[in-house]
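Colleague: I would like to go through this model feature by feature. Please give the general idea each time, then the case here.

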Amino acid sequence: MTATTHTTPRATGGFDRDHVRRGAAAMFPLVVSIAPLGLLVGAAVATHPDRPAAFASTWLVYGASAHLALLDLTATGAGTAVVVVTCLLIQARLVVYAASMSAHWRAESGRFKALMAATIVDPSFAIGDGRYREPGSAVEKRSFFVGATATLWVGWTLLIVVGAVAGARFAHVAVLQVALPVCLVPMVAPALAGRPGRAAVVTAATVAVIGRSWPSGLGLVAAIVAGAVAGAIVEEQAR
Amino acid sequence: MNIQTWIAVIMVGAGSYLFRYAPVVALHRVSVPPLVERALSYAGASAMTAMLVSALVHHGRTTSVVASVGAVCAVLVAGAVAMRKRSFGLVVLAGLGTYGAALVIETLVAP
């Protein structure tokens with residue numbers, strides 16, 4: 001007697017070097033464009049009271065905004081629970097990205113999924129998901145994603161190292177006092193294009209101002225939750 | 001070494017990996033309510049807005065009025081440039097340039 005099992009067919013293994021290079025080339029301009037942010041995070045790592053932990057977050061957290069929040073909150077003595085909740089709320093969007101990538105990776109090996117999932121972040125999702133939706137073989141798409149995401153991983157690490165080495169020397173430069181809010185602007189701006197996004201931004205900003213004196217960064221957590229809920233409700237009403 | 005910082009780093013790292021990996025391997029077994037999924041998609045923009053505003057508020061508490069107004073103008077100018085879909089570098093340059101101009105004005109009008 002033989003057992004019948006229904007499994008998703010495995011994708012053909014291997015990589016296409018040409019498409020790995022194409023993925024790297026597609027990601028490179030994005031790495032250049034986020035250079036100021038990487039240097040800023042690097043400078044924050046250099047001035048953090050626990051530099052090894054701050055630097056290890058580069059790979060463990062692997063997300064600029066959550067990394068910045070973690071550095072800021074731990075440096076100012078916020079409670080561990082607040083740090084974790086705040087950073088995980090910031091990272092929550094990764095669930096949506098990973099859910100989208102799961103459709104493309106259904107036939108990939110467990111090892112590929114485990115490794116590549118660790119590299120899911122805004123730029124790798126934006127470029128990778130776009131390529132997976134275009135025509136091409138599984139090998140070409142996989143190769144493109146690996147080339148793109150590896151370029152981002154290496155580039156981001158290098159930016160943080162350079163920022164940590166050079167940024168600390170420029171930390172006293174007055175104009176860089178607004179580097180953090182200015183670097184966050186390009187990440188907020190796309191949300192302003194639609195009504196739900198605007199509702200999320202305005203609500204989060206309002207609650208952040210109201211909760212500016214709340215203890216242990218609770219105002220930040222409340223602002224994120226309020227903004228996310230407002231965006232979802234306005235989108236729901238628009239349907 | 002600060003043990004509290006390491007605990008936070010490891011917990012955030014583990015949670016982040018779970019967010020990335022769990023949907024990839026288990027999405028067909030669990031379903032996220034649509035409203036929660038929509039809320040998650042706005043959490044990133046909300047977080048960055050909250051951090052931006054918190055940074056501006058903190059800056060306003062520790063600097064002069066002119067510098068505070070300069071910081072708000074820097075964010076608005078950067079926002080205007082970003083809305084025109086310019087590059088990240090140009091947005092940052094416009095914002096920092098605006099703040100730099102405010103600092104120069106402050107120096108010129110200072111008694």
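Modeller: Start with burial: buried means under 20% relative accessible area, exposed over 50%, and partly exposed in between, with a 1.4 Å probe and protein chains only. Helices (H or I, at least four residues) and strands (E, at least two) are DSSP runs, numbered from the N terminus. This is a predicted model, where local features need pLDDT of at least 70, side-chain atom pairs count only at pLDDT 80 or more, and totals for chains, interfaces and linings use all residues. Residues are numbered from 1 along each chain as written, chains are lettered from A and ligands numbered from 1 in written order, and side-chain values use heavy atoms, without hydrogens and water.

Colleague: Which residues of helix 6 of chain A are buried?

Modeller: They are A:Arg93, A:Leu94, A:Val95, A:Tyr97, A:Ala98, A:Ser100, A:Met101, A:Ser102 and A:His104. Helix 6 (residues 93–104) is largely enclosed by the rest of the structure, because 9 of its 12 residues are buried.

Colleague: Is A:His19 buried or exposed?

Modeller: A:His19, in helix 1 (residues 17–33) of chain A, counts as buried at 7% relative accessibility. Contact means heavy atoms within 4.5 Å. Leaving out residues up to four places away in sequence, A:His19 touches A:Arg131, A:Glu140, A:Ser143 and A:Phe144.

Colleague: Which residues form the nonpolar patch on the surface?

Modeller: A patch takes residues with over 30% relative accessible area and no salt bridge, joining like charges within 9 Å and nonpolar side chains (Val, Leu, Ile, Met, Phe, Trp, Tyr) within 5 Å. Accessible areas come from the Shrake-Rupley method with a 1.4 Å probe, and for residues only the protein chains shown count as cover. Here A:Trp59, A:Trp153, A:Val154 and A:Leu158 form the patch, with about 380 Å² of accessible area together. Helix 9 (residues 138–170) of chain A gives the largest share, 3 residues. A:Leu158 is in helix 9 and is exposed, at 52% relative accessible area.

Colleague: How is the interface of chain B and chain A read?

Modeller: The size of an interface is often given as the accessible area lost when the parts come together. Buried area is that loss with a 1.4 Å probe, summed over both parts. Chain B and chain A bury about 6,000 Å² between them, 79% of it on carbon and sulfur atoms. In contact are 62 residues of chain B and 80 residues of chain A.

Colleague: How many salt bridges cross the interface?

Modeller: A salt bridge is a side-chain nitrogen of Lys or Arg within 4 Å of a carboxyl oxygen of Asp or Glu. The rule finds 1 across this interface, between B:Arg38 and A:Glu236 (2.0 Å, N to O). On the side of chain B that touches chain A, helix 2 of chain B gives the most, with 24 residues.

How values were computed. Buried area = accessible area lost by both parts, 1.4 Å probe.
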